[in-house]
Amino acid sequence: MQENARGLVNGVNGEYSVNAPSQTIGYLSCHDDWTLWDRLINTMDEEKAYESNHAEAMRANRLAIALLIGCQGNLFILSGEESARTKEGIKNSFDSSIQVNRIDWNRIWENQELMKYYQGLFALRKKMPYLCDKSSDAARHIKRVYQPKDDCVAVELADHTTTGPWKKAIFLYNFSNKAQTIDLPEGQWQCLANGSDSFLWKKNLCQKATCTIQPMTAGIFGN
């Protein structure tokens, strides 16, 4: 898990051959591969019901975008990903019909809550300059990447010179199938987002010294 967590910091500490986050592109799905939703359904649904709103896959979709939002560097989002876009399980659809490749407005209507979750995370990211810094010195913002519990990863960031509302942030990711209670670092923390609501940062919710992260979800906190 610690090895996999290195991808969250985009290798700016010499792990990979890049000098700055500006040289990286983070993404979950792209046009010449499976959509994120189809990949999740392939993995999690034996019936391969691509047109469904599979509850576990929907939770995993939210966890995936929370992982991406917590990365430094340039972010790339496949059009329609935010509405659980499906290409009916076709991996590379360059020669498929318009029916397969189109943006399905019915799914956009059906999955407005998922779209709202994406919207809230992107708005939150813009308020965290230490995530948007693409300079060669961006690694200084990453204070720790660690495992607070089995099947959990935490990324702690800080910038005491930031003009944003939170000098520090911690991203917690629970990949397990059970809720995890995790101690937060010392300080007065605000709950900014969880697995169901990405607009908690608008509500000024104080967080106790410990937090509970639900199965297959993320928790984001600011100080």
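## A buried serine

Serine 93 counts as buried because its relative accessibility is 3%, where buried means under 20% relative accessible area, exposed over 50% and partly exposed in between (1.4 Å probe, protein chains only). This is a predicted model, in which local features need pLDDT of at least 70 and side-chain atom pairs count only at pLDDT 80 or more, while totals for chains, interfaces and linings use all residues. Residues are numbered from 1 along each chain as its sequence is written, and side-chain values use heavy atoms, with hydrogens and water left out.

Serine 93 is located in the loop between β2 (74–76) and α4 (98–101). Helices (H or I, at least four residues) and strands (E, at least two) are DSSP runs, numbered from the N terminus. The side chain of serine 93 forms a polar contact of 2.5 Å with the side chain of asparagine 101. A polar contact is a pair of N or O atoms within 3.5 Å; within protein, one must be able to donate a hydrogen and the other to accept it, and residues adjacent in sequence count only if both atoms are side-chain atoms. When neighbours within four places in sequence are left aside, serine 93 is in contact (heavy atoms within 4.5 Å) with His31, Lys87, Val100 and Asn101.

## Helix α2 and its partners

Helix α2 comprises residues 36–44, and its buried residues are Leu36, Trp37, Asp38, Leu40 and Ile41. These buried residues pack against three helices: α3 (55–69), α5 (105–110) and α6 (112–125).

## Isoleucine 213 in strand β9

Strand β9 (residues 210–213) contains isoleucine 213. With a relative accessible area of 4%, isoleucine 213 is buried. Glutamine 180 is 33 residues away along the chain, yet its C-alpha atom is separated from that of isoleucine 213 by 5.2 Å. Residues up to four places away in sequence not being counted, isoleucine 213 touches Leu172, Asn174, Lys178, Ala179, Gln180, Ile182, Ala218, Gly219 and Phe221.

## The chain as a whole

The secondary structure of the chain consists of seven helices and 10 strands. Of its 223 residues, 48% count as buried. Among contacts between residues at least 6 apart in sequence, 66% join residues at least 24 apart.

The C-alpha trace spans about 50 × 35 × 30 Å along its principal axes.
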